[in-house]
Structures are given as structure tokens and as C-alpha cells.
Amino acid sequence: MANPIKLAHPSALYLAIAAALAAAPTFAQDVTVTQPAGGGFVVNSSASAPLFAIDASGNLTVTNLATAAQQGTPLCFSGTGVLGPCVPGSNIGPTGPTGPTGATGATGAQGLQGVAGTTGATGPTGPVGPTGATGATGATGAQGIQGVTGPTGATGLSFQGTWSNITAYSISDAVYWNGSSYIALTGNFNVTPGSDGTVWALLALEGATGATGPTGATGPTGATGPTGATGATGPIGPTGSTGPTGPTGPTGSVSSVSIVLNPTTAMVGPNLPLTLVASCPAGSIRIGGGCNSSGPSSDMNGSILAGSAATGTLDWTCNWSYADVGYTHQAQAICTP
């Protein structure tokens, strides 16, 4: 962008330059003036008065510029010193201070409605109104999805009857032995309950035998009445209706369990099968049983084929595949009073 030279009388500069070059012939080459080192260039009038001068620093002075006739076109120069009209807007000065406010004019005609302004800030929340009446109950929502399956509960004990030295036991198996009950803490074979606390844990200890109650007094013997004549047998009456079931008796403790052993059985011959039966007393309940055998360690006393209880009986039956002379075998029935 050109740099403006604010000259009040630019016409004088034009006249001075034209006068300096008036002696040049038409169509002649450019006139070059080389100023001496440290000196300037001065153009004088016919009266030897300086018209304009260029000093050693390149500063231009027009002597009569202040008194020349005023002109209306600004003069500017470029960064290389070329003179010419100013680029529009390049010679506009800074905005002056605001002038005083003029008198209010007459009210104009109603203008068009402007665009809607932005929504104002939300006002403060008003006080809470009274609670309205309860609305009707909505419809029942759809059933939710099924929840995830919970963790597996702890494994319960598995009652295996009377302990046997020929039976392999697993963790949580429970057995009866010498009046007490035990639970297996680990898998084992031929480890007697009560001999190793790391293998068998005591569940219930055998209770002490209660004291014998006193014998009741004997009542007086009644007089014998005369024997009456035998009457005729009457017809059998109809079967009466079944009476109501009596209340369930209290659950017996483990200490009330008893074991019935069949007598020690001598073998009748070598290598013969053997069946033994132990029976609970009448009126009791058989809850389990077991099979035991003993003899020299050189033989396994035969293979136990089955220990079983027939439904509706008080018996526990043991069957061996064979039994030799010199061995003893027992069947055990576990009973409650």
C-alpha cells in the first residue's frame, strides 16, 4: 500500500519538476543527476532562490509549497519513492471523538415487527401446590425377566448306616458306630470312626443310660365271678370308620438309637454263601443297618453281595458270596424305640 504525503500545495512540486526538466529536448533520453557524496541536489529559481531540494538523506523540500494554490487530490508515495494518487481509503485518518447528541427528531412511522428475542431466564419456582387426588391404579406391568440362578448350597450329609471296614466312604457320608454318629471329612476306607479326627468328625455322642424307674404298686386281685353261659355268636358288625390320626410324637434324639446284632454265626462249611438277618424289636422303627465280618487277615472273609431291608419289615439282611471256617459275620439293624 502507498504511503501518503500530506502536501497542502502539491502543484508547486509539479511546477518545480517541470521547470528543472524544461531544457531537455523532445524525445531525448532521461536526464540523470548524481549528487555528490555527502551533498544534496537543489533546483534554484532565476533569482537563485531554491525551489526544491533533496538532501544527502533523500529528504525532499519544496520551498514555496505552503503558499501555492490549494488542490483537491491527495498525493501519496510508495515504498520505493514513486509518487501518485492515493489508493482509496489509504489516507483516511482515525475516527474523531463523538460529537454532542443532536436534538430528538420527530417520531417516525411504526416500523415492522422485529424478530423474536431469545427466551429469558426461567423465573424462580413457585410454591408447591396442594396434593391432587390420587389417580386410578395403573395396569400391572409385564413380568420381569427371571433372575440369575443363585449359588449352589452346601452339600448335606448322606447317612450310610453302621460303619463297615469293607465299605469305601466319601466326604459328607454319615455312619453309626458304637452308639455315636460320625461324618466323613475326607474319602476313606477301613478307618474306624473316632480313631482319627481328621477323617471322621463326631456328630452325636451316645447318651448315658437313664436310671430305671420305680416299680409301680401291685393292685388288689379282684374276686372271680361265676362263669356265664356261652351265648350264641352274633353276626359280625360293620367295620367302623377309621379314627383320626393321632398327633406325631416327638422326634427321638440320636442317643436313642440302638443296634440289634444277630448272634455270632459260625460257618457251616468252607466257601459257602451266607445270609444273616438282624431284626428290630416289635414296636420300634428300623432306620438302617450294616454288615460286619472278621477273621484272619489272609482272606477278605468273602465278598458282601448286599445289605438290604425289605419294605414293611423290621429286618436288615446281609448276604456274603462265601465264608470260610474260622471267620465270624454279623448283620446289624439300627433301630429307634
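A search of the whole structure, a predicted model, finds two aromatic pairs. Rings of Phe, Tyr and Trp (its six-membered ring) are paired if their centres lie within 6.5 Å, with planes under 30 degrees apart counted as stacked, over 60 as edge-to-face and the rest as tilted. In this predicted model, local features need pLDDT of at least 70 and side-chain atom pairs count only at pLDDT 80 or more, while totals for chains, interfaces and linings use all residues. Residues are numbered from 1 along each chain as its sequence is written, and side-chain values use heavy atoms, with hydrogens and water left out.

## Aromatic pairs

The centres of the Trp163 and Trp177 rings are 4.9 Å apart and the planes stand at 75°, so this pair is edge-to-face. Strands (E, at least two residues) and helices (H or I, at least four) are DSSP runs numbered from the N terminus. Both Trp163 and Trp177 are buried; here buried means under 20% relative accessible area, exposed over 50% and partly exposed in between, with a 1.4 Å probe and protein chains only.

Tyr169 and Trp200 also form an edge-to-face pair, with 5.4 Å from centre to centre and 75° between the planes. This pair, too, links distant parts of the chain, with Tyr169 in strand 8 and Trp200 in strand 12 (residues 200-204), 31 residues apart. Tyr169 is buried, with a relative accessible area of 5%, and Trp200 is buried as well, at 3%.

## Nonpolar cores

A nonpolar core is a set of buried Ala, Val, Leu, Ile, Met, Phe, Trp, Tyr and Cys residues joined through side-chain atoms within 4.5 Å. The largest has eleven residues, among them Leu274, Leu276, Cys291, Trp316, Trp320 and Ala333. Strand 14 (272-279), strand 17 (315-323) and strand 18 (328-336) each give two or more residues to this core. A second, separate core of eight residues includes Trp163, Val175, Tyr182 and Val199. In soluble globular proteins, nonpolar side chains tend to be buried together.

## The second largest pocket

A pocket is defined on a 1 Å grid over the protein atoms alone, as an open set of points where a 1.4 Å probe fits, with protein on both sides within 12 Å along at least five of seven lines; lining residues have an atom within 4 Å of a point. Grid points are joined across faces, edges and corners, and a volume is the space filled by probe spheres set on the points. The second largest pocket holds about 200 Å³ of space. Twelve residues line this pocket, and the closest to its centre are Gln160, Thr167, Gly289, Gly290 and Cys291. Strand 7, strand 15 (285-294) and strand 16 (304-308) each give two or more residues to the lining, and strand 15 provides the largest share, three residues. By class, the lining has five nonpolar, seven polar and no charged residues, where Ala, Val, Leu, Ile, Met, Phe, Trp, Tyr, Cys and Pro count as nonpolar, Asp, Glu, Lys and Arg as charged, and the others, Gly among them, as polar.

## Hairpins

Two strands pair if DSSP finds at least two bridges between them. Strand 2 (residues 41-44) and strand 3 (residues 50-54) run antiparallel and are joined by four bridges. Strand 3 also pairs with strand 4 (residues 60-62), in the antiparallel sense over three bridges. Phe52 of strand 3 is the bridge partner of Val43 and stands opposite Val62 in strand 4.

| Hairpin | Residues between the strands | Turn residue and phi |
|---|---|---|
| Strand 2 and strand 3 | five residues | Ser48, about 65° |
| Strand 3 and strand 4 | five residues | Gly58, about 90° |

## Loop residues

Most residues other than glycine have a negative phi, and most peptide bonds are trans. Ser172, although not a glycine, has a positive phi of about 75°. Ser172 is found in the loop between strand 8 and strand 9 and counts as buried at 15% relative accessibility. Asn178 likewise has a positive phi, of about 55°, without being a glycine. Asn178 is found in the loop between strand 9 and strand 10 (180-184), and at 56% relative accessibility Asn178 counts as exposed.

Thr313 is found in the loop between strand 16 and strand 17 and is partly exposed, with a relative accessible area of 28%. The C-alpha atoms of Thr313 and Ser279 are separated by 8.4 Å, with the two residues 34 residues apart along the chain.
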